[in-house]
Amino acid sequence: MSAFNLHDYLRQFIPKSYTVLHEGYRWQSLRQDALAGLTVAIVALPLAMALAIASGAAPEKGLYTAIVAGFLISALGGSRVQIGGPTAAFIPVVFVVIERFGFGGLILCTLLAGLMLIAAGLLRLGTLMKYMPQPVITGFTAGIAVSIFSSQIKDALGLRMETLPSEFVPRWIAYARHVDTIQVSALALTMMGLVVIFGLRHWKPKWPGFLIALLVCTGMGLAFALPVDTIGTRFGDLPSALPSFDFPHIPFERTLEMLPSSFTIAFLAGVESLLSAVVADGMIGSRHRSNGELVAQGVANVGAALFGGLPATGAIARTATNIRAGARSPVAGMLHALFLLLFMLLLAPLMRYVPLPALAAVLLVVAWNMSEHEHFRHTLSAPWGDRLVLLLTFLLTVFFDLTIAIEVGLVVATLVFMHRMAESVEISSGMRSMDGEESIDEGQRAQLPPGVEVYQISGPLFFGVANRLDDLLDQFLEPPRVFILRMRLVPLIDASGVHAMENLARRCQRRGIVLIVSGLQTQPNRVLAGMDFGERPGQVHFVANFERALKLATSLVERPPA
């Protein structure tokens, strides 16, 4: 790698915070960023605790994540206004990991996911995220929303259940068995929380609805001494000290067993962070550095794990809040983390009174927002392949496993794409067409001397359509002496396409047919040459265009047969 290329490579990992400070950072910008950071911290405070509890962890784990990972994502990331921390997308994965491997297993998964993200960024895979099929993203996002909704029924209704199954169907069976334990007070607080959140969203959209809902529900719970679970009754007092390196035993011997979950966490973190960065770019007219953002996400997840936190990524809703609050640089995100730390140090003794039904109301709203139900319905009107990918990914996410859903969704989306590409490729010859389309006009056909046949390929010659070349020679009742294959409209060819052309050439040779290939574009010409498929006098000829192919064919048929 030359020095210039190395410089270009390293430049994509320069944090936006350095770029902003290098451009010149003024007092007015600091004021705006501080106000935005405070606003986002107020929004993030209840969310961080609610997300941790929904994931099966203690509430302080969510705060640790928002503080440590949130600071690192803003300080090292490739987006100007990205806000990082725990998000709802991780809830189903984290819940299952903690259930199967314990919290120490989650720490290991988060560490591995962080390393995967760093590697992905260094390998410049961030630019590949834009090729993620939208039906897959919509499907697993809606599936996660349903899973989050399902996970909150217990606290929203105050059901008396010792354990909560991680699978969707057993979970609802368990709810049905304990429906007689519904607490009216818990249901009332949940409904009050929803009313406050949606009411403020309608009448005062700039007010921190989540935090106000928690304050109202906490006040009601204390004023009327409602018998509902709170953070204190279930988890004890929150620590009012700085996060430390004190985390549980990590089962390194189960590393291989945890790799699928680690990959899922890394995948979700990468996709969601880059989606959030794209949304932020559209709102502020900027451009993020995708590979630098992945590296920052990886470092942030490693940092969160080392402080006993949860997986983290860019949070779209909090990032949008940050922008609307006037953020101008990554300093806003860094200050948001510091404000959260201050809240934790000062308010930890009071947080024990927050009722869990209020947090459930917050997450029910998060699930509704995350479902993107309008986008889901809109995608259902797409072609059948997109609908299939959407529904498969959605149902597998809800009923089975997010890892399986993503894998199957990507595979099916790829197969659908290949099918569409194969259908778009035309192989035809005038009125005699394999695809029902005419590609050579009557004037050109009239010029063909007896014993010459022409077929034209329109579209990429890849493995999805390569086998269709096997049927070309079977179209003729009497084999021609010269066969012209027009490839002017073939933009690319792969190894399967080259193999199919070699088979065609061998079949032509066995039947005494001369094959002429005309109009090769740059990529097919390079691939054919690289795979040693070249000129073979008397058997295979390459010419620049159809006119030259016709002249060569005419001269060949005018010669007496050997």
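Throughout these legends, buried means under 20% relative accessible area, exposed means over 50%, and partly exposed is anything in between (1.4 Å probe, protein chains only). This is a predicted model, so to speak of a local feature we need pLDDT of at least 70, and side-chain atom pairs count only at pLDDT 80 or more, while totals for chains, interfaces and linings use all residues. Residues are numbered from 1 along each chain as its sequence is written, and side-chain values use heavy atoms, with hydrogens and water left out.

**View 1. Ser-518, tucked away in strand β7.**
Ser-518 belongs to strand β7, which covers residues 514–518. Helices (H or I, at least four residues) and strands (E, at least two) are DSSP runs, numbered from the N terminus. Why does Ser-518 count as buried? Because its relative accessibility is 2%. A contact here means heavy atoms within 4.5 Å. Setting aside residues up to four places away in sequence, Ser-518 touches Ile-484, Leu-485, Arg-486, Met-487 and Arg-488, and also Val-543, Asn-545, Phe-546 and Ala-549.

**View 2. Helix α14 and what it packs against.**
Helix α14 takes in residues 316–324, and its buried residues are Arg-318, Thr-319, Ala-320, Thr-321, Asn-322 and Ile-323. Which elements do the buried residues of α14 pack against? They meet α3, β1 (84–85), α12 (255–284) and α15 (331–351). Just past the end of α14 sits Gly-326, with a positive phi of about 100 degrees.

Glu-372 is in the loop between α16 (356–371) and α17. Most residues other than glycine have a negative phi. Glu-372, though not a glycine, has a positive phi of about 50 degrees. With 38% relative accessibility, Glu-372 counts as partly exposed. His-373 is in helix α17, which runs over residues 373–379. His-373 is partly exposed too, because its relative accessible area is 25%. Look for Ala-142 in this view as well: it is 231 residues from His-373 in sequence, yet the two C-alpha atoms are 7.6 Å apart in space.

**View 3. Asp-532, out in a loop.**
Asp-532 is placed in the loop between α22 (522–530) and β8 (540–543). Is Asp-532 buried or exposed? It counts as exposed, because its relative accessibility is 67%. Its phi is near 60 degrees, a positive value in a residue other than glycine.

**View 4. Gln-12, between the helices α1 and α2.**
Gln-12 is found in the loop between α1 (3–11) and α2. Which residues is Gln-12 in contact with, leaving aside its neighbours within four places in sequence? The list is Arg-124, Arg-289, Asn-291 and Gly-292. Gly-121 is 109 residues away from Gln-12 in sequence, with 9.6 Å between their C-alpha atoms in space.

**View 5. Arg-26, between the helices α2 and α3.**
Arg-26 lies in the loop between α2 (16–23) and α3 (27–54). Arg-26 counts as exposed, because its relative accessibility is 65%. Ala-119 is 93 residues from Arg-26 along the chain, and 35 Å separate their C-alpha atoms.

**View 6. Two cysteines, Cys-109 and Cys-217.**
Cys-109 counts as buried because its relative accessibility is 0%. Cys-217 is likewise buried, at 0% relative accessibility. How many disulfides does the structure hold? The number is 0, where a disulfide is a pair of cysteine sulfur atoms within 2.5 Å.

**View 7. Stepping back to the protein as a whole.**
The protein has 23 helices and 8 strands. Along its principal axes, the C-alpha trace spans about 105 × 60 × 50 Å. The radius of gyration is 31 Å, whereas a compact globule of 562 residues would have one near 24 Å; this radius is taken over C-alpha atoms, and the globule rule is 2.2 Å times the number of residues to the power 0.38. Of the 562 residues, 54% count as buried. Among contacts with a separation of 6 or more, 82% come from residues 24 or more positions apart.
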